[in-house]
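This briefing covers a pocket and a sheet. The structure comes first, then the details by topic.

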Amino acid sequence: MIYGIEVQDIIQNIFTEVKGYRKSEQIKVCCPKCQERDGLLYPDGKFNLEINTKKNVFKCWKCDDPKYSGSIGKLIRNHGTTYDYKLYKSYSRLYYNNPTFYIPSDNGEYEEEEYYNVKLPIEFIPFTDINTNLKSHMDFYNYWVLNRQFDTSFFEEYNIGFCTEGDYKDRIIIPSYNKFGELNYFIGRYIGNNKKEPKYKNVDIKKTNIIFNENKIDWDSTIYLVEGVFDMFSLPPNAIILLGKELYPLIYNQIKEHKPNLVLVLDPDAIKESINIYRELLTIYGYHNNNKIKLVPLKGKEDIDEIRKNKGHNAVVELLKQAVELNLNSLDVFDK
């Protein structure tokens, strides 16, 4: 029996020519880094990259500065398709005790990070299972529909729920799923009356390791960059939540790869941060960005969610029509 033979099938699908394929746990392919470094249109035929499907590692014996090695998941994520990596992850749980999660580094490759097996709180109740006879359930429903004035269609579309007990008691839970449809984060919004409770209590992992609900992002359409989750629900579909006021590397790298049309919609108190993010985006699109990056300069004190709530969706639509390119030499657009 060859350990990791299904993983070898994935590698063969990516590299086509594999020495030792289905004959040994130690297999070889032509190194794509060597090919790139030497400026070759085709593989160099030297099979310097060795892969051990039992130990879940790879190494190129020619690449030295920088060396090219790591776990097989990194190799597949760098050179395979989304489906290849999804398939690998399903097998990694079968073969390897320590599956890994990968995020893009500054050089565009995927670096290994600890794999986070995120789970919703055990007390989580989906809104689709709400008991309308229970006041504790209806308090959450009324908060969403009457207080926030959101549509109930979001319940099923985003698998939104709530907790009446446990660590996330009195919190609406809004999950996030990666592009493979796997849970990778969730936000807990407090709706109770205890003023000592923090407004948000989220799952305890680095937010910079995820793109919130990446599975719903269409990189070929206009994308809205916003601060928080309720801003996302207040805009047309296709929003990326920054979970703050900074553009972190994972989002930056994905924007760099896809180069979509962008509309930046930060809160009115984030003028400085909006300018900083706009400058960062210009390093991708160039200083003649040809209308690819626009900004909605919110005036007054209302953020986009408050504008929708107080003035309706039409007011949001009209604001989005006013999105402009930012002239960094003249910031009159921010005059209030």
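The largest pocket is lined by 21 residues, and Lys199, Tyr200, Gly228, Val229 and Phe230 lie nearest its centre. A pocket here is an open set of points on a 1 Å grid over the protein atoms alone, where a 1.4 Å probe fits, with protein on both sides within 12 Å along at least five of seven lines; lining residues have an atom within 4 Å of a point. This is a predicted model, in which local features need pLDDT of at least 70 and side-chain atom pairs pLDDT 80 or more, while totals for chains, interfaces and linings use all residues. Residues are numbered from 1 along each chain as its sequence is written, and side-chain values use heavy atoms, without hydrogens or water.

**Pocket**
- The largest pocket holds about 480 Å³ of space, the volume being that filled by probe spheres set on the points.
- Its lining has 11 charged residues (Asp, Glu, Lys, Arg), six nonpolar and four polar.
- Helix 10 (304–311) gives the most to this lining, with four residues.
- Strand 10 (183–190) and helix 7 (229–234) each supply at least two.

- Four strands form an open, parallel sheet in the order 12-11-13-14; strands are DSSP runs (E, at least two residues) and helices are H or I runs of at least four.
- Strands 12 (239–241) and 14 (293–295) are at the edges, each with a single partner strand, so one side of each has no neighbour in the sheet.
- The twist averages 25 degrees from one strand to the next.
- Strand 13 (262–265) is joined to strand 14 by three bridges (pairing needs at least two DSSP bridges); Val263 has Lys294 as its bridge partner in strand 14.

Technical notes
Axes fitted to C-alpha atoms, helices over the stretch in contact; angles between N-to-C directions.
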